[in-house]
Amino acid sequence: CLPGITRRIVLEVAQRLGLEVREQAFGLEELRAAGEVFLTSTTRELLPVREVEGSTFPELGAVTARIRAAFRDYVRDYVRERLERTPSGVPSPVAGA
């Protein structure tokens, strides 16, 4: 599992929602037994997994929907905060970039 920014924020947001968060290796049978499955991606945020090896999952389960909404709130607040810091409303270039 890559240590991506979206993944990190999703784990933090899930904990803030009071959800138990664990990272561990698991097999196909444990995956099949899951009630919901999603992937994280910078461009897709939280993407529900619909099927794995013949096992189907909800299009958007209740837990995934809660985490997705909280993640989007986090991003909205993050962007708003940074835009408010700059006089022009345009984020300043990153030093050294």
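1. Glu45 touches Thr6, Leu39, Thr40, Phe71 and Arg72, leaving aside residues up to four places away in sequence, where contact means heavy atoms within 4.5 Å. This is a predicted model, in which local features need pLDDT of at least 70 and side-chain atom pairs count only at pLDDT 80 or more, while totals for chains, interfaces and linings use all residues. Residues are numbered from 1 along each chain as its sequence is written, and side-chain values use heavy atoms, with hydrogens and water left out.

2. Glu45 has its place in strand E2 (residues 45-48), strands being DSSP runs of at least two E residues and helices runs of at least four H or I residues, numbered from the N terminus. With a relative accessible area of 21%, Glu45 is partly exposed, since buried means under 20%, exposed over 50%, and partly exposed in between (1.4 Å probe, protein chains only).

3. The side chains of Glu45 and Arg72 are joined by a polar contact of 2.7 Å; such a contact is a pair of N or O atoms within 3.5 Å, and within protein one must be able to donate a hydrogen and the other to accept it, residues adjacent in sequence counting only if both atoms are side-chain atoms. Between Glu45 and Thr6, which are 39 residues apart along the chain, the C-alpha separation is 6.8 Å.
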